[in-house]
Amino acid sequence: MGIIVDWGNEERTIMLTTFEGEWDLNDFYGMVDAGARLLKDVDYPFVTIVDYSQSLTPPRKTLTIGRHVGRTHNPNRKKVIFVKPGLFVERLYSMLGGLYPEGFGDAQTVETLDEAYALAKKVLQAVKSG
């Protein structure tokens, strides 16, 4: 299994990252780099949805990802939405958000992918409305 990152809509304003089964830190770093490649020419607002609903517990040493994510943060990202991350992942990202707010500080959790898309559309509409 692993981690898949791609656009979640035709307008390319929602980036969807799906964690499936077991994954390791190499998968995570590969996902961050793949996301950065998707976003290299993006100069407009977007939202990232991170779907953990099919994921297992993160690997050991996951706290080490913070600096890497902070370095690759795109300033056009308006929100990160986590889908069903579980208590452990939620706490982990909360801790990382305190240490690296530029990479993790704008996250919100929902229970379903449908809720995530609805929230993403609401955030993007609010940005568009000014």
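Analyst: **From a loop residue to the core**

Lys84 sits in the loop between E4 and H3. Elements are DSSP runs numbered from the N terminus: helices (H or I) need at least four residues, strands (E) at least two. The model is predicted, so local features need pLDDT of at least 70 and side-chain atom pairs pLDDT 80 or more, while totals for chains, interfaces and linings use all residues. Residues are numbered from 1 along each chain as its sequence is written, and side-chain values use heavy atoms, without hydrogens or water.

The phi of Lys84 is near 45°, a positive value in a residue other than glycine. Most residues other than glycine have a negative phi. Lys84 is partly exposed, at 44% relative accessibility. Buried means under 20% relative accessible area, exposed over 50%, and partly exposed in between (1.4 Å probe, protein chains only).

Arg12 lies in the loop between E1 and E2. Its relative accessible area is 46%, which makes Arg12 partly exposed.

Rings of Phe, Tyr and Trp (its six-membered ring) pair if their centres lie within 6.5 Å; planes under 30 degrees apart are stacked, over 60 edge-to-face, and the rest tilted. By this rule there are six aromatic pairs. Phe19 and Trp23 have ring centres 4.9 Å apart and planes at 70°, so that pair is edge-to-face. Both Phe19 and Trp23 are buried. The Tyr52–Phe82 pair is tilted, at 6.1 Å between centres and 45° between planes. Tyr52 and Phe82 are both buried. Ring pairs join Phe19, Trp23, Phe28, Tyr29, Tyr52 and Phe82 into a cluster.

A nonpolar core is a set of buried Ala, Val, Leu, Ile, Met, Phe, Trp, Tyr and Cys residues joined through side-chain atoms within 4.5 Å. The largest one has 21 residues, of which Phe19, Phe28, Met31, Tyr52 and Tyr93 touch the most other members. E1 (2–7), E2, H1, E3, E4 and H3 (86–99) each give two or more residues to this core. Phe19 reaches well beyond its sequence neighbours within four places: its contacts (heavy atoms within 4.5 Å) include Ile3, Phe28, Met31, Val50 and Tyr52. Another core, of 13 residues, lies apart from the largest one; Leu16, Ile49, Val110 and Leu124 are among its members.

H1 shows one buried side. The helix runs over residues 25–39, and its 15 residues reach 21 Å from first C-alpha to last, close to the 21 Å expected. The expected span is 1.5 Å times one less than the number of residues. Leu25, Phe28, Met31, Val32, Gly35 and Leu39 are buried in H1. They cover an arc of only 115° around the axis, so they lie on the same side of H1. The arc is taken from the directions from the helix axis to the C-beta atoms. Exposed Asn26 and Arg37 sit on the face of H1 turned away from that side. Asp24 caps the N-terminal end of H1, with a side-chain oxygen 3.0 Å from the backbone nitrogen of Asn26.

In H5, buried residues are Ala116, Tyr117, Leu119, Ala120, Val123 and Leu124. Their arc is only 165°, which puts them on the same side of H5. They pack against E2, E3, E4 and E5 (107–110). The opposite face carries exposed Asp114, Lys121, Lys122 and Ser129. Just after H5, Gly130 has a positive phi of about 90°.

Ile14 lies in E2 (residues 14–21), and at 1% relative accessibility it counts as buried. Beyond its neighbours within four places in sequence, Ile14 contacts Val47, Ile49, Tyr117, Ala120 and Leu124, among others.

Terms used:
Polar contact = N/O pair within 3.5 Å; in protein donor to acceptor, adjacent residues only side chain to side chain.
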